[in-house]
Amino acid sequence: MPDTPPHGLHGLAFGGDYNPEQWPESVWQEDVRLMGEAGVTMVSVGIFSWALLEPEPGAYDFGWLDRVIDLLHEHGIRVDLGTPTVVPPAWFYRAHPDALPVSREGVRYAFGSRGAICHSSPAYREAAARITTELARRYATHPALAMWHVHNEYGVPVSACYCDTCAAHFRRWLEARYGSVEGVNEAWGTAFWGQHYTAYDQIDPPRTAPTTGNPAQQLDYRRFADATMRENFVSERDILHRLSPGIPVTTNFMTALSQCDSVDYWAWGREVDLVTNDHYLITDGRRTHVNLAMAADLTRSVAGGAPWLLLEHSTSGVNWQPRNPAKRPGEMARNSLAHVARGSEGAMFFQWRQSRRGAEKFHSSMLPHAGTDSRVWREVVRLGAGIGSLASIRGTRTVPDVAMVWDWTSWWAQSLEWRPSEDHDARERADSFYETLYDRHLTVDFAHPEADLSAYPLVVVPALYLATEAAGDNLRRYVENGGTLVVSYFSGIVDEHDAVHPGAYPGALRDVLGLTVEEWSPLGEDESVRIAGPRDASLTADVWTEFVVPRGAQTVWTYADGPAAGGPAVTRHRLGKGTAWYVSCRLDAVALDTILGDACEDAGIAPRTELAHDVEVVRRRGDGGEYLFAINHTEHDTKVPLDTPGTEVLTGERTVGHLPVPAGAVRAVRLDA
């Protein structure tokens, strides 16, 4: 698994994207002086600089970049050096207009943004390899080089292209995957609607059609688009490994379900030397700090539990949402240190100096337009000092409590057209289950449905529409061996080709859950039902109900009204040494807590009632010792019980018995051995 830290960086990473090419050289000296004042240890350079590094085909100008990297090195600042392959130059597109991607509707996108790339284009691949090779040859042995940063945010804003070049590439991909046209026909179920193929050249990408297309074809095209981007990353990575041995190679992920849905990060996590992530608060009315924690947990899980690095977030507001509020005083530090608590080896930002021109000139930065006499700058300096004091946590690992099963491929499949209800959303279910676990003060690992789950007393499955037979067997073995499993509705339904498993729903999960589902009965907009449970308790559900038939499972909650009135709503199945729960309706996070509370009891997880709401407590443990992070997202001072005394790293104070955490503050205690 990926676990190679930045070369030559002895503390945590603190800094951000540095774009000196936007400024006259007279500003650079001020930049490095202020970086020293802020405690900056590493910056990302060159990510969007292809047009300046190669102003004409084959003509390179590295002079300005030489001076920048040398200057940073002179001031003790490490460099995360980008390959600028996310932004091919204008001259490239003039020579190769077919390298611009084409939408499903047949519209070719224009030059002038970023990430407008047909990843199947041979011309793009050749040009990307050339500029990467030139950079590696020039800077492989530079003493400032800490790591390589390939491309930028693959999949954003364009992941899939539908041009003729991609069509030919897709056919080759299908031949490698299935071996024959008949294999494609079988996988896609082309007997339906007369879609049978007799030759590969009859197969096109799933472009816009009069009505919904073949779902298995669409699912495979998403796999193909993701794999094609990954091929290009691997091509650049391998050049860098060959010419710059010993220097880790990464690319910045966007694992938050609120930010990127086109990349299978389980597959990508195996290809990088260090998992890095970009995260931005989404102001959609949800609790932003919960989304942040979820993204950090997901990123750590993609890294296999190993330390990772937050490569971008914002000091304050961004500029690309409908409404972009500033972060409140102290929020930047809470955001940054929450990522660190959940496994990041530092906190990096976009960007160092706020741009005067371009699309992101209103995006916040470490050095804002207001300059050093500003709240943001003063908070940056304080945070830099705090990050510096945490150097000893390097290499320690976040300690999880429970696991959540998540699969991007299943999300893709569930998101296709003509599902039972447009109101059922896999991301919403994942968010709600995570929020419930978060509010129970449980640290969550995410896991692929076929991964080893034996280390976790509780595993939740919020949305696994696509579940392979191997996944079903894995979850059954987990329960038989003593695990506690909670599964939400519309899971286990189809196989890897979006074909319904033989027999009754829920297909691959029938045995472990001990039930069948005869029919789904989604609810209308604004419609809800009541479910009745033990001790005359009552909960409200919406969006979804089912006609459940227990086949070994015990009914715990019953539909009190609605289409399935009188039938099971929530069941519990004893299997082997463990227990499997099934929730057949949509409950919000508060109602879910009731069900998950009982499941936690089955799993032997005691409630953590001593902790206040919206106070995170997360542990990191390793050769560097054990650390407890307490993050107070409330406006009230709180105290966190300590079972072991220790030293608060950020303040130097000794703590015994309990840890005072002021409103809006973060505390990190190194516990005594």
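The crossing of H11 and H12 is right-handed. The coordinates belong to a predicted model.

**Exercise 1. Determine how helices H11 and H12 are oriented relative to each other, and characterise their contact.**

Step 1. Two packed helices are described by the angle between their axes and the distance between the axes. For H11 (residues 331-341) and H12 (residues 375-389), the angle is about 25° and the axes are 10 Å apart.

Step 2. Angles under 35 degrees count as roughly parallel. H11 and H12 are therefore roughly parallel to each other.

Step 3. H11 contributes Met-332, Ala-333, Ser-336, Leu-337 and Val-340 to the contact, while H12 contributes Val-376, Glu-379, Val-380, Leu-383 and Ile-387. Sorted by class, the contact has 8 nonpolar, 1 polar and 1 charged residues.

**Exercise 2. Classify the aromatic pairs Trp-91 with Phe-92 and Trp-193 with Trp-418, and state whether each residue is buried, partly exposed or exposed.**

Step 1. A search of the whole structure finds 35 aromatic pairs. In one of them, Trp-91 and Phe-92 lie 6.4 Å centre to centre with 75° between the planes, an edge-to-face arrangement.

Step 2. Buried means under 20% relative accessible area. Trp-91, at 18%, is therefore buried, and Phe-92, at 1%, is buried as well.

Step 3. The ring centres of Trp-193 and Trp-418 are 6.0 Å apart and their planes stand at 85°, so this pair is edge-to-face. It joins distant parts of the chain, 225 residues apart: Trp-193 is in the loop between H7 (181-188) and H8 (215-243), and Trp-418 is in the loop between H13 (408-414) and H14 (426-439).

Step 4. At 47% relative accessibility Trp-193 is partly exposed, whereas Trp-418, at 59%, is exposed.

**Exercise 3. Describe the surroundings of Ala-447.**

Step 1. Ala-447 belongs to strand S12 (residues 444-447). Its relative accessible area is 5%, so Ala-447 is buried.

Step 2. Leaving aside residues up to four places away in sequence, Ala-447 touches Trp-266, Met-404, Val-405, Trp-406 and Leu-453.

Step 3. Trp-266 is also part of one aromatic cluster with Tyr-154, Phe-233, Phe-253, Tyr-265, Trp-268 and Trp-408.

**Exercise 4. Examine the backbone at Gln-351, Pro-506, Trp-193 and Asp-614.**

Step 1. The peptide bond from Phe-350 to Gln-351 is cis, with omega near -5°; Gln-351 lies in the loop between strand S9 (344-349) and H12.

Step 2. The bond from Tyr-505 to Pro-506 is cis, with omega near 5°. Pro-506 occupies the loop between strand S14 (484-488) and helix H16 (510-513).

Step 3. Trp-193, which is not a glycine, has a positive phi near 60°.

Step 4. Asp-614, likewise not a glycine, has a positive phi of about 65°. Asp-614 is found in the loop between helix H17 (589-603) and strand S22 (615-622) and, at 14% relative accessibility, counts as buried.

How values were computed: Residues are numbered from 1 along each chain as its sequence is written. This is a predicted model: local features need pLDDT of at least 70, side-chain atom pairs count only at pLDDT 80 or more; totals for chains, interfaces and linings use all residues. Side-chain values use heavy atoms; hydrogens and water are left out. Axes are lines fitted to C-alpha atoms, for helices over the stretch in contact, and angles run from 0 to 180 degrees between N-to-C directions. Helices (H or I, at least four residues) and strands (E, at least two) are DSSP runs, numbered from the N terminus. Angles under 35 degrees count as roughly parallel, over 145 as roughly antiparallel, 65 to 115 as roughly perpendicular and the rest as oblique. A crossing is left-handed if the near helix is turned anticlockwise from the far one by less than a right angle, and right-handed if clockwise. Contact means heavy atoms within 4.5 Å. Ala, Val, Leu, Ile, Met, Phe, Trp, Tyr, Cys and Pro count as nonpolar, Asp, Glu, Lys and Arg as charged, and the others, Gly among them, as polar. Rings of Phe, Tyr and Trp (its six-membered ring) pair if their centres lie within 6.5 Å; planes under 30 degrees apart count as stacked, over 60 as edge-to-face and the rest as tilted. Buried means under 20% relative accessible area, exposed over 50%, partly exposed in between (1.4 Å probe, protein chains only).
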